[in-house]
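Reader: I am new to reading protein models, and I would like to go through one slowly with you. Could we look at it together and take the questions one by one?

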Amino acid sequence: MINLKNFNDIRLVAFFCVIGLHSILSNIEFTRLIEHPAIFESVMSNKQFIMNAFYGNFFKSGTILFFIISGFLFQMQYQRIDSFLPFIKNKIKSLLKPYLIIFVLPTILILLIQPYVGEEKFDLTFFIFFKEFVKEIALSNYWFVPALFITLVINYFIKAEYVIKSLFIFIPIWLISYLNIYLKLTLTSHTVWFVGFFFVFTIGRIICMKEVQISKLKIFNNKYNILLLIIFFYMISSLESMIILNYAHNVDYLNTLRIGNILFSVSFFYLLNIIFNKKNIKLPFEICTYFIYLVHPFVLRITGFFLFYYKFAFNYPSQILFNLIHLVVVLALCILLHNIFFNLKFKKKYIAEYVFKNKINASLPLYYSTFIFLKKQVIRSKG
């Protein structure tokens with residue numbers, strides 16, 4: 001059975017996967033490899049590409065996990081939703097308000113200032129501004145929030161008795177986006193084809209509705225069976241990446257909407273539920289993953305700029321160590337910004353309370369809260 005208490009822990013894992021995927025910095029040689037179609041013929045024998053595909057696919061479950069959890073919780077709460085207006089107001093307050101304050105406003109400010117600073121100055125027109133702003137939303141790491149909001153709004157009008165029937169619409173939509181990765185008829189990015197995630201969101205709703213029936217299946221209540229599924233689908237996902245780049249000549253070889261990645265992520269969801277039924281993640285301080293999600297692209301830009309500027313890039317397998325170091329640096333900076341932000345006050349009230357719907361208790365400095373956590377662990381071990 002799915003335990004709701006596990007969802008915060010699963011979100012942390014999903015969030016870590018998202019950061020892990022976004023913090024991958026391909027070195028110059030790999031960038032050259034994927035940008036020149038003439039080299040694609042020999043790419044399957046290139047160890048650098050193979051290792052990058054395996055490394056990237058390890059973190060690909062994050063977005064799928066978020067959509068499954070969102071679909072599950074939506075279905076749970078669906079019967080308690082009285083009308084559309086309170087529902088939409090709640091989602092605007094919890095999803096769009098922080099998104100507007102932490103991402104949209106700073107992005108507009110950056111786009112207005114950017115043309116007039118630096119070496120490459122140019123005149124800013126409304127068309128250039130609009131194009132860059134749309135690009136920031138649709139083709140950057142910030143696509144998830146408006147995509148989830150639209151998904152929630154559409155699913156409001158799909159009653160529980162029609163959820164399974166809705167797959168007759170959502171599966172073909174996903175299938176078109178999936179085949180497009182191989183055929184390259186148009187843009188393949190999952191940030192543009194977010195409609196393909198309607199299928200994944202519906203999987204979350206169905207898991208909630210059929211929870212008892214699914215829990216009776218041996219394959220979903222034995223961690224070793226699920227682990228075998230995860231390994232199998234992970235290999236399928238990595239093989240897909242190689243085929244997409246080698247034969248479809250598509251640099252979007254890590255697209256989230258690949259069937260291998262979806263099946264890998266669903267299996268991972270069930271394994272995490274079994275693991276967290278026995279042991280939960282205990283952090284030394286309360287954390288708002290949504291805030292870190294909203295600021296991490298800014299951190300990635302800054303760290304990525306300096307790392308590339310000083311040419312801190314290596315060939316594989318050293319590149320994997322480099323990726324892991326970058327992941328740790330990004331997480332550390334994000335947590336530092338998190339603690340600074342949640343300790344700021346305005347008129348005797350924490351600024352975070354103006355931004356987020358739920359109050360986050362992050363009043364302790366990072367070093368102090370970590371010290372308290374370690375001290376408790378030492379006392380516990382001695383006791």
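Reader: Where does Lys184 lie?

Author: This is a predicted model, in which local features need pLDDT of at least 70 and side-chain atom pairs count only at pLDDT 80 or more, whereas totals for chains, interfaces and linings use all residues. Residues are numbered from 1 along each chain as its sequence is written, and side-chain values use heavy atoms, with hydrogens and water left out. Helices (H or I, at least four residues) and strands (E, at least two) are DSSP runs, numbered from the N terminus. With that numbering, Lys184 is placed in the loop between helix H8 (167–183) and helix H9 (197–209).

Reader: What is the phi of Lys184, a residue that is not a glycine?

Author: Most residues other than glycine have a negative phi. Lys184 counts as partly exposed, at 42% relative accessibility, where buried means under 20% relative accessible area, exposed over 50% and partly exposed in between, with a 1.4 Å probe and protein chains only. Although Lys184 is not a glycine, its phi is positive, at about 55 degrees.

Reader: Which loop holds His249?

Author: His249 is a residue other than glycine with a positive phi, near 55 degrees. Its relative accessibility is 34%, and therefore His249 counts as partly exposed. The loop that holds His249 is the one between helix H11 (223–246) and helix H12 (259–278).

Reader: How many helices and strands does the protein chain have, and what share of its residues is buried?

Author: The secondary structure of the protein chain comes to 16 helices and 2 strands. Of its 383 residues, the share that counts as buried is 47%.

Reader: Which residues is His22 in contact with, leaving aside its neighbours within four places in sequence?

Author: His22 lies in helix H1 (residues 7–22) and counts as partly exposed, at 26% relative accessibility. From C-alpha to C-alpha, His22 and Val330 are 9.8 Å apart in space, while 308 residues separate them in sequence. Contact means heavy atoms within 4.5 Å, and on that basis, with the neighbours within four places left aside, His22 touches Asn141, His296 and Leu300.

Reader: Why is the pair of Phe67 and Trp143 called stacked?

Author: Rings of Phe, Tyr and Trp (its six-membered ring) pair if their centres lie within 6.5 Å, and planes under 30 degrees apart count as stacked, over 60 as edge-to-face and the rest as tilted. A search of the whole structure finds 43 aromatic pairs. In the pair of Phe67 and Trp143, the ring centres are 6.5 Å apart and the planes stand at 20 degrees, so the pair is stacked.

Reader: How many residues apart in sequence are the parts that Phe67 and Trp143 tie together?

Author: Phe67 counts as buried, at 0% relative accessibility, and Trp143 is buried as well, with a relative accessible area of 7%. Because Phe67 lies in helix H4 (residues 62–78) and Trp143 in the loop between helix H6 (126–138) and helix H7 (144–156), the pair ties together parts whose separation in sequence is 76 residues.

Reader: Over which ring does the charged end of Arg205 sit?

Author: A charge sits over a ring if NZ of Lys or CZ of Arg is within 6 Å of the ring centre and within 35 degrees of the ring normal. Ring pairs link a cluster made up of Phe74, Tyr78, Phe84, Phe87, Tyr156, Phe157 and Phe201. The charged end of Arg205 is 5.2 Å from the centre of the ring it sits over, which is that of Tyr78.
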